[in-house]
Structures are given as structure tokens and as C-alpha cells.
Amino acid sequence: MTVESTEAGQLGRYLRLFDPGQRLGWIYRDPESLRRPFTEPEPQREQVAVGYENRAAAARLDHEDRRRSALRIGGGVAAVCFLLSYFVGAVMVVLGVVAVVVGLARMALAARQVSSAGGALAAEQGSLEQRFQSSWQMWHQHRQYHESQQEQWVRGLDAWGTLPIGPDTRRLDVFGGSQRGREGFLTVLGTSTLQERPVIVVDLTQALVCRELSVLAEAAGVPVDVQVLPSRMAESSIVGGLAPHELVHALVEAVHGDNPEAGRAERAVDTRILTQLCGALGEDVSLARLGAGLRVLMGEADDTGCLSRDERNRIADDLLNDKNKDQVRDSLFRLVSFVHPLERLGTAREGRGPGYLTCLALDFGAGSASTELLADLAVQSVMRRLSSFQETAPSVLVALGEQGLQRRHLEQLAQVCERRGSQLVLMHPHLRDAAEQMIGGGTVAFMKLGNHQEARVAADFIGREHSFVLHSLTDTEGRTVNTSVAKTIGSSVSRGTTHSASVTRGTNWGSSSSSSYQGGANPFSSSSSTSSGGSYSETTGTSTSVTYSTNESTTHTTGDSDSTSLATGRQRVYEYVLEPTQLQALAEFSLLVVERRTGGSVLVHPVDCNPNIVFLDRVSMTPLPHFDPAPTPQLPAPQHPYPEAPQQPYAPTPPQQPYAPAAAQQGYPPASHQPYAPGVQPTAPQQPHWPSQDHPQQPGGGWTQGPPPNWPGQQPGGFR
């Protein structure tokens with residue numbers, strides 16, 4: 001059935017719940033987590049080549065050297081020349097002037113070299129700065145454009161996406177949850193299912209959790225048939241359209257539903273009694289006529305007028321003899337007790353056709369045998385209708401009450417739905433008894449499980465996994481203080497004697513002669529002399545020295561040291577994927593869908609099944625698209641040489657809209673039949689082709705707080 005999705009009218013945004021595509025709820029993903037960072041490196045200033053600085057430094061040193069040499073040598077030569085000019089003349093003055101001019105010329109040449117080297121260095125620095133400014137302006141404009149594109153793209157992304165049911169999912173078991181949580185889940189799943197097939201809801205909670213679904217469906221124009229039992233059993237059709245033998249089997253199974261140990265003999269006896277009674281009643285078989293016939297067999301008076309005189313006589317006289325009546329009296333009494341409260345069932349059904357949404361619900365009455373019988377009879381009626389009817393196989397949603405149903409009946413219902421091709425959803429309020437035995441028969445989901453034993457069973461079903469956890473943490477802090485004192489006293493005596501002796505001997509000799517002319521009779525005269533001598537000396541000495549010394553020293557040594565160490569150890573463990581305490585602390589509308597993948601791995605999908613999510617912004621009625629988490633390829637920094645910084649380095653293209661606004665859409669696109677493949681979804685924006693670089697295009701990159709913090713990690717995709 002098609003429901004036109006528009007936010008105008010009585011329901012407003014609630015009509016979005018009827019958008020195509022079965023969904024269990026919504027998964028939250030922060031759009032900001034998809035923002036791609038700008039990875040192009042920021043340009044850096046280049047250093048001036050070493051040759052320019054070396055030439056400038058060499059020119060400065062040469063200039064200083066020539067200036068000093070000119071002052072020292074040229075000044076000295078000029079001064080000497082000027083001093084000599086007083087003695088020599090003007091020539092020395094000219095030489096002094098020439099010396100001064102040569103020194104000044106050398107200084108001027110050195111200054112010119114300094115200026116030339118400094119100018120070349122300044123020109124190179126200016127060129128590098130100009131290239132840096134041009135590169136930085138280009139990089140800054142690239143980043144601004146990237147951020148604006150990312151901002152526009154992120155604003156267009158949805159924060160909430162649905163978790164669809166895979167097309168191969170035929171059974172879903174939901175365990176736990178509060179009444180309001182199960183009501184929200186039933187509303188979300190039921191409204192989305194009505195777009196594809198009829199829905200039968202069996203509400204056995206005695207809390208009318210199907211009321212929200214029925215009210216929304218009726219307001220949306222869906223034919224709704226609500227049958228409240230037992231207060232309005234006269235309008236119910238749970239036994240309408242059943243053949244006599246189907247009615248008999250449904251009654252027998254309902255009567256013995258609370259006794260898992262009921263013998264085949266008892267069921268066979270009850271089946272034969274009711275079958276013979278239906279044969280005596282002919283084509284007109286109803287619960288009121290069955291009750292009247294059972295009372296006739298019991299020998300009780302019947303004043304209802306449901307049976308004619310001939311029918312009463314035939315039942316009383318021909319159906320069973322007196323001996324058989326005595327043998328089956330217990331069975332007759334049991335059947336009369338169960339059938340009598342149900343005689344009004346379906347008596348005021350005339351004029352009401354079948355609904356596209358059928359709700360069979362137990363009202364707020366206290367538990368009684370007739371109420372439990374109605375619950376079993378409703379389930380048996382659904383099974384008989386699914387087995388016999390030829391219309392499109394509906395989806396069956398069964399919300400079990402606190403008492404639940406017998407495992408035998410639930411398994412029979414599951415087999416009938418599988419054979420008929422109907423989708424079956426069982427909502428168990430607890431994970432115990434029959435529910436614990438049936439876990440794993442299909443896809444499994446968990447809501448809040450307050451009981452610790454039920455939470456442990458759920459954690460065991462989800463399984464365990466290997467992981468590395470912090471095993472040990474050692475924090476050591478120590479302080480060491482050492483103090484030592486050492487004192488040393490010593491004395492020494494030394495004595496020494498020194499003997500010395502020396503002997504000196506000497507001998508000297510000599511001769512001399514001389515002659516002279518004196519004139520006269522004896523003109524010549526001569527004389528001679530001889531001398532000799534000797535000497536002897538001897539010296540003896542003795543010296544003695546005595547030295548006394550005393551040494552005393554004291555040493556104080558103090559040591560102070562602090563030590564701190566922090567050591568961690570990790571260990572491979574095999575622990576729960578979800579701890580039982582996490583299942584106990586789930587929020588009211590939290591739903592954890594367990595998906596088992598090939599190889600034994602487990603994936604848990606956290607879902608929020610609150611129907612009021614449709615009132616939030618950025619909510620999609622299809623699964624969230626999956627974006628490649630790979631980082632954006634880096635663009636190299638702009639290369640030189642660059643021209644002057646352009647006024648408009650590139651022509652930005654108009655930003656592309658990720659997808660058309662909701663106001664311009666014609667309804668909402670249907671969900672894909674693939675459980676993991678989303679429908680029409682926005683795509684990541686493409687980075688423009690910069691004209692200054694030759695690079696290919698690159699890809700761009702109430703519930704405002706997201707899911708509760710106690711949820712496990714979110715995973716995209718559906719489940720099978």
C-alpha cells in the first residue's frame with residue numbers, strides 16, 4: 001500500500017515514517033567526522049644561497065682590510081714624504097699626494113665591491129620573498145576554497161540514517177525492552193512495512209503497545225482493523241473464515257497451550273468430541289453453537305436458542321452413548337469451561353471488512369484463564385489463516401506478554417511463516433524459558449535487559465573476541481639519601497745527612513826575554529826573566545737536616561637521588577564483545593542488532609528506534625552513504641619560479657549541491673533492495689583543478705548530542 005509522504009496535514013513529519021524501505025531504526029553518525037582536512041603543505045621561506053652571503057662577507061672584509069692598509073701604509077708614506085719635502089723639495093710633496101690618492105682609490109674600489117655584493121644579496125632576498133608571498137597567497141586561497149567546499153558539503157550530509165532489514169531476513173527476535181521502547185520499535189518497523197505488505201500485529205502484552213502504530217496508520221489513510229480482546233471480542237474475527245476442522249484444531253491447541261506436558265490422548269479425545277459435535281451442527285459452526293452443544297452433552301439446560309430442538313435431540317441421543325459420556329466427562333467439563341467465555345467471539349463482526357493493518361490485542365484486564373486462552377487462540381488463528389489464505393503473505397509482528405507462549409506454539413508459528421513466505425518478528429519481554437530456548441532461530445536484536453542473568457545470557461549469545469587489554473600497571477617512586485664522613489690524621493719524620501769534599505791543585509810557570517838599542521858604544525842590550533809557582537787547596541763539609549710533618553683531613557660526602565618508573569603491560573584476552581552491564585544500561589529506545597558474518601565475526605549495529613527522530617533535522621529515511629576513509633592525496637607546494645602574485649589565481653567554480661533540498665524532492669527515494677547498498681546518496685565534493693598546477697582532481701573530504709555514551713561503536717550498513 002502506498003502512503004503519500006508529505007509533511008502537511010494532520011500527522012506532519014510523522015508521515016515520513018511511512019516512507020518506503022523497511023527499517024528498524026536510525027543510526028547516528030556525526031557529519032563533522034567526515035570533514036576532510038586540507039593536506040596541501042604550507043609554503044616556507046627559502047634561505048638565500050650561501051654564495052651570496054659569502055661574497056658579501058668577503059667584500060666587507062676586503063673593504064675593512066684596504067681601509068686599514070690605506071690608513072696605515074698610505075698615511076705613513078704621505079707623512080714621511082711631507083717631512084722630507086723640507087730637505088729635498090716639492091718632489092716629495094707630489095709623492096705624498098700620489099700615495100694618498102692611491103689609498104683612496106683602493107678604498108673606493110673596495111666600497112664599490114661591498115655595494116655590489118650587498119645589492120646582489122638584497123635582490124636575491126627580495127626575489128625569494130616575492131616568490132614566498134606569491135606561493136603563500138596561492139596556498140591560502142586553495143585552503144579557503146577547500147574549507148568552504150567542505151563546509152557546504154558537510155552541511156548537506158545527514159546525521160541520522162536508517163538500518164534496513166535485509167530482503168533475506170524472514171525472522172527477527174527482539175529481547176528485552178520497556179513497554180515504551182517496544183511500542184516505539186513496533187511503530188517504526190510497522191509503518192515502514194506497510195509500504196510493502198500487509199501487517200498482522202498480535203499484541204499479547206496487555207499494555208496495547210500497538211496503539212501508536214494503529215493511530216498513525218489510520219490517520220495516514222491505511223485500512224486498520226483493531227480487535228481488542230476480551231472486552232470487544234464480539235467484533236473480533238480470529239475465528240471467522242475458519243473451516244470447522246481448523247476451528248477444532250485451534251481450540252484444542254489453545255486449550256492445552258499452558259501444559260507443555262499435555263498428552264496426545266487428551267488432545268485426541270478433545271479433538272474427537274469437537275469434531276463429532278461440528279458434524280452434528282452441520283455447516284453452521286460457531287463458538288456459541290459449540291458451547292450450546294457441549295452443554296447438551298453435559299446434560300445441562302440450554303436457553304440460548306442457538307440450537308434447534310432437533311439438533312439438541314440429535315446431540316443428546318445420537319452423538320455419544322451414556323458409557324462414553326461418563327468416560328469423557330472430564331474432557332467435556334474442561335471444554336465447556338474454556339468455550340463458554342468465548343461464545344460471544346465474532347458475533348458482532350458483520351459489516352467490517354479485513355484491514356491492511358490488523359491488530360489483535362489483549363486489553364488491560366487482569367490475567368485469567370479466558371484471557372490466556374484468547375492469546376493462544378489468536379496465535380492459532382493467525383497460523384490457520386496463513387496456512388489457508390491465498391492473499392499476499394503479510395508480515396506478522398508478535399509482541400509477547402509477561403507470560404509468553406509455549407515454545408511449541410512459537411515454533412509452529414515460525415514454521416508456518418517460513419513456509420508461507422511471511423516475515424515474522426517476535427518481541428520477547430524477557431530472555432528466559434521458551435525465549436532463551438528459541439534464541440538464534442533468526443536475526444537477533446536486544447533492547448535493555450535489566451536482569452543480570454538475562455544480560456549474561458545475551459552477552460554469551462553475542463560472543464567473545466580476542467583483544468589486547470591493559471594487564472598490569474606499575475608505578476614506582478623512590479628516594480635515596482647517602483651521607484658519609486671520613487677523617488684522616490697522619491704524621492711523618494725525615495732525617496738526612498750530607499757529606500761533601502773537594503781538592504784543588506794548580507801549577508803555573510813562565511819565561512820572558514827582551515832587547516833594546518840604546519846607541520853609543522854598546523848599542524844593544526838584552527835581559528831575560530823566568531818565573532814559576534804552584535797552589536793547592538782542599539775543602540771538606542758536612543750538613544744534616546731533620547724534617548717533621550703532620551697531615552689531618554676530614555671529608556663529608558652527601559648523596560640524594562630520586563627515581564620514578566611507570567610500566568604498563570598488555571595481555572591478549574578472550575572477553576565479551578559486549579559486557580552484560582552494557583546491556584543493562586541501554587537507553588529506552590536503544591536497539592542492538594547482532595549480525596554474524598562469514599568466518600565467525602560478530603558485528604553489532606546500535607540503533608535508535610524512537611519514532612520522534614523524524615522531527616529532528618538532517619534525518620534520512622535511507623541508509624547513510626559510506627565514504628572512503630582514505631586520506632586526501634597531498635598536493636605539492638607551488639614550485640618556483642613564480643610570477644608576481646596574481647590578483648585572481650584561479651576561477652572558482654560554483655559549489656555543487658550534494659543533493660537537492662528536501663523541499664524540492666518528490667517524496668523520498670525508496671530504499672535499495674540490497675541491505676548494505678544505500679539508494680541515491682550525496683557524493684563527496686571534488687576539488688577543482690588549479691590552473692597554476694598540473695594535478696588531477698582529488699575528492700574532498702532533541703538528538704543533537706548523538707547516541708548515548710554507553711552504546712558500542714557504530715557500524716554502517718544493514719544486516720542479513
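**Entry 1. Loop residues with positive phi**

I began with Gln-206, which is partly exposed because its relative accessible area is 26%, between the 20% and 50% cut-offs. The model I am reading is predicted. I placed Gln-206 in the loop between strand S4 (199-203) and helix H4 (211-219). I noted its positive phi of about 60°, although Gln-206 is not a glycine.

I then looked up Asp-433, which has a positive phi of about 55° and is not a glycine either. I found Asp-433 in the loop between strand S8 (424-428) and helix H13 (434-438). Its relative accessible area is 58%, so I logged Asp-433 as exposed.

**Entry 2. A cis peptide bond**

I checked omega for the bond from Leu-229 to Pro-230 and found it near 0°, that is, cis. Pro-230 sits in the loop between strand S5 (224-229) and helix H5 (244-255).

**Entry 3. Nonpolar cores**

I asked which members of the largest nonpolar core touch the most other members. In this core of 62 residues they are Leu-290, Leu-294, Ile-315, Leu-345, Leu-377 and Leu-413. I saw that helix H11 (residues 369-388) contributes the most to this core, 9 residues. Domain 2 (162-233 + 355-448 + 586-623) and domain 3 (239-344) each supply at least three residues to this core.

I listed the contacts of Leu-345, leaving aside neighbours within four places in sequence. They are Leu-229, Met-233, Ser-236, Ile-238, Val-239, Leu-287, Leu-374 and Leu-377.

**Entry 4. Helices H6 and H7**

I looked at helix H6 (residues 264-281) against helix H7 (residues 287-298): their axes come within 10 Å and cross at roughly 110°. That angle falls in the 65 to 115 degree range, so H6 is roughly perpendicular to H7. From H6, the contact uses Ile-273, Leu-274, Leu-277, Cys-278 and Leu-281. From H7, I recorded Arg-289, Leu-290, Gly-293, Leu-294 and Leu-297. I sorted the contact by class: 8 nonpolar, 1 polar and 1 charged residues. Leu-290 and Leu-294 of H7 are also on my list from the largest core.

**Entry 5. Arg-596**

I found Arg-596 in strand S12 (residues 590-596). Its relative accessibility is 44%, so Arg-596 counts as partly exposed. Leaving aside neighbours within four places in sequence, I recorded contacts of Arg-596 with Phe-461, Ile-462, Ser-601 and Val-602.

Technical notes
Residues are numbered from 1 along each chain as its sequence is written. This is a predicted model: local features need pLDDT of at least 70, side-chain atom pairs count only at pLDDT 80 or more; totals for chains, interfaces and linings use all residues. Side-chain values use heavy atoms; hydrogens and water are left out. A nonpolar core is a set of buried Ala, Val, Leu, Ile, Met, Phe, Trp, Tyr and Cys residues joined through side-chain atoms within 4.5 Å. Buried means under 20% relative accessible area, exposed over 50%, partly exposed in between (1.4 Å probe, protein chains only). Helices (H or I, at least four residues) and strands (E, at least two) are DSSP runs, numbered from the N terminus. Domain bounds come from an automatic or database domain assignment. Contact means heavy atoms within 4.5 Å. Axes are lines fitted to C-alpha atoms, for helices over the stretch in contact, and angles run from 0 to 180 degrees between N-to-C directions. Angles under 35 degrees count as roughly parallel, over 145 as roughly antiparallel, 65 to 115 as roughly perpendicular and the rest as oblique. Ala, Val, Leu, Ile, Met, Phe, Trp, Tyr, Cys and Pro count as nonpolar, Asp, Glu, Lys and Arg as charged, and the others, Gly among them, as polar.
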